[in-house]
Amino acid sequence: MALDYSQKVMDHFINPRNVGEIPDADGVGEAGNPKCGDIMKIYLKVNPETKVIDDVKFKTFGCASAIASSSMATEMIKGRTVEDAWNLTNSAVAEALDGLPPIKMHCSVLAEEAIHTALNDYRAKNGMEVIPMEHHED
Amino acid sequence: MFVYMDHTATTPTSPEVLKAMMPYFSENFGNPSSVYSFSRKSRAAIEKARGQVAKALNADEGEIFFTGSGTEADNWVLKGTLEKAMKAGKNHLITTQIEHHAILHTAEYLKKYHGASVTYLPVNSEGFVSVEDVRNAITDKTALVSIMFANNEVGTIEPVAEIGALCREKKIPFHTDAVQAAAHLDIDVKAMNIDMLSMSAHKMYGPKGVGALYLRKGINIENFIHGGAQEKRHRASTENIAGIVGFGEAMEILKSRLDDDKKINSARRDRLIAGILEKIPHAKLNGARGDKRLPNNINFSFIGVEGETLLLDLDAKGICASTGSACSSESLDPSHVLLALGLKHEMAHGSLRFTIGRLTTDEQIDYVLEVLPEIVSRRRAMSPLWEDFIKTVRS
């Protein structure tokens, strides 16, 4: 079956933003597993004074919607504080992409999880309280 | 450039076939079951097509029954054989793990609603079924052996003649799903001891919506579509005359150029395979090599990349290909065929299939070899799996 992706999904798939790694990242998070066909890895660079995410990069193995979700989610947390970035939800990512096919919604969940994992990595390293994560069954 | 490399999904109806079909829509539209002479034209057209299909398989005309699709033929065989055999206390079906869903899902249905017992034979890393495994799976309850002629995803050609001989010796009906194979290979149902064979017109430059079942004389199975007396009371419903005419025509044309097509396709297939292996590091060819592989099938896994992304990138370059990875389909499970060949999940998710045919040119092969390496390397560069893989290779 041909999946109907929105133009935004295709745009972020063809020209993904923030692809790469940050060697001296302040927080790194990974979500997904190869068995399901999706793995997302997020790198954060946080300003020590303002706690603002100055830079974010991702690497993703997965389908077009997984790549587009990573790209959009990283765009959405860039420039936000680590506290504020935690509030990014998977539905906000999907909405910003003008929707995902129902069967691909788990890709946006994966983006949320990868970001939460990276934020918790940062929090743990900086003596902040680690926030319990909701694990989505998908 | 527009490059159609998905001939296994479907083929265009060839102009000669379409021309032969045209008079049977508005002109000679008579119902073949009617008595008046006008309808004889329709009847004669169907019988001509039956002869064309029978001849191509070395079958008798009375052994060919037209259906609505290859899937219908598969459903008919499995349900019609098992339902009848169960009345006589035989409920065992032997098939393989790599069949098309037309077989696998029908087998599951028979298990669920009719108490059938099903053996799914494994295959080796190239996709071959072992004849010995078939022999060992046979019990006194076995009602049917159904093993595909050639696999649609990886193109592996099964030892059909050997399995046919074994089943004949054991007096067990043998069916083969030849929906892909019939479009590329010489099939002689007599020499190969085939009792039942399914095929489909649209895989061989005929129209969609018409298939056929070869049912050897003496093999009695229950009907699948019940109703009128069409197809000698074996398959009810008013005949798709134009479709059937197109099938006959397509089959005759196919047969007349089979050897030439085989040579051309195999050469292009091998050039594409060699080119991909040369230009893309860590590319894995799925399936067999040489003449045990369908002449038009090329199937690769690229570690670190998911299949759907490659399809969309290729689409952006005008290339139509396919993937066994179900990420491009309704289900998210990776290909059951590639898993049966022993591929890891992530490799099974990363498969890409090109199937060449009459629309293919040498320039198109060059074009694919030009754009594919770049696409794979770009997607690998953004993949954490590739990063991990490369680290382990280097260390």
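Two strands are said to pair if DSSP finds at least two bridges between them, and in this predicted model that definition applies to β9 (residues 283-285) and β10 of chain B, which run antiparallel and are joined by 3 bridges.

**Burial and the two faces of β10**

- Strand β10 of chain B covers residues 297-302, and because 6 of its 6 residues are buried, the strand is largely enclosed by the rest of the structure.
- In a regular strand the side chains alternate between the two faces of the sheet.
- From β10(B), Asn297(B), Asn299(B) and Ser301(B) point one way, while Ile298(B), Phe300(B) and Phe302(B) point the other way, and all of these residues are buried.

**Where chain B touches chain A**

- The contact between the chains is made by 19 residues from chain A and 20 residues from chain B.
- On the side of chain B that touches chain A, the elements giving two or more residues are α9 (307-316), α11 (345-349) and α13 (384-394), and the largest share, 4 residues, comes from α9(B).
- Sorted by class, this side of chain B consists of 8 nonpolar, 7 polar and 5 charged residues.

Definitions and conventions
Residues are numbered from 1 along each chain as its sequence is written. Chains are lettered from A and ligands numbered from 1 in the order in which they are written. This is a predicted model: local features need pLDDT of at least 70, side-chain atom pairs count only at pLDDT 80 or more; totals for chains, interfaces and linings use all residues. Two residues are in contact if their C-beta atoms, placed from the backbone, lie within 7 Å. Ala, Val, Leu, Ile, Met, Phe, Trp, Tyr, Cys and Pro count as nonpolar, Asp, Glu, Lys and Arg as charged, and the others, Gly among them, as polar. A residue is buried if 20 or more other C-beta atoms lie within 10 Å of its own, exposed if 12 or fewer, and partly exposed in between; C-beta atoms are placed from the backbone.
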